[in-house]
Amino acid sequence: MDTVHFRVERPGRWDNPFEPEFPDADLDRLLATAPFSGMQADAFPKTQPLRQILRNDTRLLRFKKGEIVVRAGDYGSSAFMIVGGQVRVALPPGLPDRVLGRRQPQKRGLFRTIAQLWSNPKVQEYRRPDELKPVQGAAHADDGGDVRVFLQDVPRLLDEHKTAVIGAGEFFGELAALSRMPRTATVFADSDDTELLEIRWQGLRDLLRFDPALKEHIDQVYRKNALQNALRAIPLFQHLSETDLQRVMAETQFGTYGDYEWSGDYKRLAKSGQLAPEREPVVAQEGDYPNGVYIVRSGFARLAKKFGSGQRTLNYLGAGRFFGLREIVHNWRNPASTIASQTSLRVIGYTHTLFIPTAVMESIVLPGAPAALLPVPFTADELDEDDDDPLKEQGGTGSRVGPELLEFLTSNRFFNGTATMVIDLERCTRCDDCVRACASTHENNPRFLRHGPSSGRVQVAQACMHCTDPVCMIGCPTGAIHREAAQGNVVINQSTCIGCSTCSNQCPYEAIRMVEARDGDGAFVTDRELRPILKATKCDLCLEQPGGPACERACPHDALKRMNLTNLGELADWLER
Amino acid sequence: MKNAFVVRRVSSGLVTLVVAAALVVLARRLAPQLRNLSYLSGWLLLAVMLFLTAYNARKKLPFLPLGKSRTWLQLHAYVGWLSAVILGIHVGWRWPGGWFEWTLEALYFVVALSGVAGMLWSRFVPRRLTARGGEVLFERIPVIRRALQDKAEDLALKSVAAARSSAIADFYIGYLADFFRSPANYWHHLVETRAPWNRIEAKFDDLARFLDPEQRKVLAQISDLARQKDGLDYQHALQSSLKLWLFVHVPLTYSLLLFTALHVVLVHGFSIGAGFRP
């Protein structure tokens, strides 16, 4: 019999406050401010009182005029409420990347390309002087440990760009925080005494759950700003009249599932071998009445079916994919022989969904929908419960890549990659031409490791996958890691990277390495306290090189491909070649 | 999309065959009209050889927009086959007489055959590596081998004190120390024979009969490490063979080019007054 050697405190909801010390006086002041002053304390459960949520999941921040609060395109896990002062929102087309501390990579010309023959530094991880100091137009300010970037020459920016002022009591950033979409606008402080309440997503989620007024307010903002565009972009809703669309929008419900910062838990569970579909939150259960269509808005979900005593993955659904539509269409066409949900929808990481009830689908959406957009009803063979080949029902890419590979891609979260480095081990001669090519194109520093998990003949190397859901970008204090404008690839601006390792720690795929910068003589660059200057490095898909990723071009045996794994068809085609 | 490789091989092979046949027919047609067809075929062969060698330069310059390596390799392979036909036309489909030409042609064939062998090896070995499993980076093999060796040695040494018997330690020194110290059974792994490992396994079985249950556990752990080492040797043998064939193909290519340059000088040097007449 095992013996208990030691006891630990059970981990709890309030173990990791956002701000270690939240002064009671500030908390009292906050509770006396709208909208918190109007919230019913009784509506919150005793285990999650409003005061405790605010104490644990919020923090008060003070900004000086011109300091950036959020940047357009960044990912963030928190929303903001203006407590005092005011902020400005940069209206479309927004502020240029240069002033936000970003640098867009530009393709090298022929001469610069050829010049790499003699101009590549002999020293590894060499950084030019301009990469070791802040980029022009932005600067760092150290305020209580927080790294801030402030805009320079604000009056000129205000002259050249359209902005709008929002003042005390207003919220911003809540949509990005809840839906895990990139921030849509840059917001910066407009007065020296700007005081903001930053609410991390856990707190916002609980506030919305227990305060209907705030939920209604956020829902309204969502419907007004994002829902219409989101639905209009989906072909199935494009035939609807404006009135019908408004009716659908009024009935649409929003759902967020899973853990926003899933990468930490994922890494821990993967290391301990405890990852299993059965542990994932269920959005819709196989066998239940299909009471509506789920549309994945962001994140990923696992389409699974009971197999033995576990769940077998049939496919994974990313942004824009439907769940439950086929069952609803089947029941709509066959009212005499309705069926239950044939599969389950389980959350992988964090998923934001739109939910449209069956009644709305049947009365508004389906009647006028083009037949080509509607899935075919289930056949008797597909509904046969004795059939033990669940992948057959998919009839699509899930069955083409096979159950083992599908499970491998899903359990390792590789579906997230838009440029995943996939290696066909049955053709790869392990010559490392890809690694040498990568090093040659990155000043003698390879930016990936030709090694990684594999399933059968498919290996996924440790190279940045340029994720659909780039968790590495959450929490970057300076916005150094960002999506470049042209193709949306994730890149790191060496000038504004402060070496905090947030991105490297967040990346679930170990694809970002922290390196110690060196000068031209090969000596480590240090700060005044002689601590080495760290920089985050990763694959940049050879954005500056003509011809695309050097690794793929260098493979003599057609064994390596940068692949969009959000679409299994590309992988299936490649494997069947 | 299915069998794209087969389609590519068949179509490229057919194109190569057609071009080769056209070259042979053209050479026969031109032979009576040209006084020195061998000059034309020789310069063509040199150009083809330079093109074939240029693939190595392409590999060294991955940042230049010179096309995909896989396209270059395809061209390298099929143009390589064509070079054999051009050589045949150049030498009149016979083996040369003089020692210099003999050496030159022998060099060509060694380069060509090493290329063909390397290509075939590169096609089959990756499948074997993947089927066996235990994928490991080649550069990491010495580190992993050392770790396995340390663990096995440690187990063998500790067994002496624990069991008051040197049976396992003696067995380790007698049969396993050399095996763990460096890569073993290189050729056996290349030809996929399990004979050496079967012999080691038989010795483990033989020793196990004389051990108590605790010692057997230790022996089982050492056996497991030995099995891992055998897998590592397999990776080492096959991965190094994939690299080593290039050490034959590439240096000999440069030797061939050197001899070819000398051949060109000699041919033109001795042809003055004999070959060209205005």
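Visitor: Which two domains does the domain assignment give for chain B?
Guide: This is a predicted model, so let's keep that in mind as we go. In chain B, the assignment gives two stretches: domain 1 covers 1–94, and domain 2 covers 107–278.

Visitor: How far apart do the C-alpha centres of those two domains of chain B lie?
Guide: Domain 1 and domain 2 of chain B do touch, with nine residues from domain 1 and 10 residues from domain 2 in the contact. Their C-alpha centres, though, are separated by 35 Å.

Visitor: Which helices of chain B each supply at least two residues of the side of domain 1 that touches domain 2?
Guide: By class, that side of domain 1 of chain B has five nonpolar and four polar residues, with no charged ones. The helices of chain B that each give at least two residues to it are helix 2 (37–60) and helix 3 (69–91).

Visitor: And between the chains, which helix of chain A gives the largest share of the side that touches chain B?
Guide: The contact takes 30 residues from chain A and 22 residues from chain B. On the chain A side, helix 3 (110–119), helix 16 (433–441) and helix 18 (550–554) each supply at least two residues. The largest share is four residues, and it comes from helix 16 of chain A.

Visitor: How do the residues on that side of chain A divide by class?
Guide: Remember that chain A puts 30 residues into its contact with chain B. Sorted by class, they come out as 10 nonpolar, 10 polar and 10 charged.

Visitor: What percentage of the residues in chain A are buried?
Guide: Chain A has 19 helices and 24 strands. Of its contacts with a separation of 6 or more, 78% are between residues 24 or more positions apart. Out of 577 residues in chain A, the buried part makes up 42%.

Visitor: Where in chain B is the pLDDT below 50?
Guide: Chain B averages a pLDDT of 92, and 97% of the residues score at least 70. Among its helices, helix 1 (residues 4–30) has a mean of 92 and helix 7 (residues 186–190) has 96. In chain B, the stretch below 50, with two contacts beyond near neighbours in sequence, is residues 274–278.

Conventions
Residues are numbered from 1 along each chain as its sequence is written. Chains are lettered from A and ligands numbered from 1 in the order in which they are written. This is a predicted model: local features need pLDDT of at least 70, side-chain atom pairs count only at pLDDT 80 or more; totals for chains, interfaces and linings use all residues. Domain bounds come from an automatic or database domain assignment. Two residues are in contact if their C-beta atoms, placed from the backbone, lie within 7 Å. Ala, Val, Leu, Ile, Met, Phe, Trp, Tyr, Cys and Pro count as nonpolar, Asp, Glu, Lys and Arg as charged, and the others, Gly among them, as polar. A residue is buried if 20 or more other C-beta atoms lie within 10 Å of its own, exposed if 12 or fewer, and partly exposed in between; C-beta atoms are placed from the backbone. pLDDT is the predictor's confidence in each residue, from 0 to 100.
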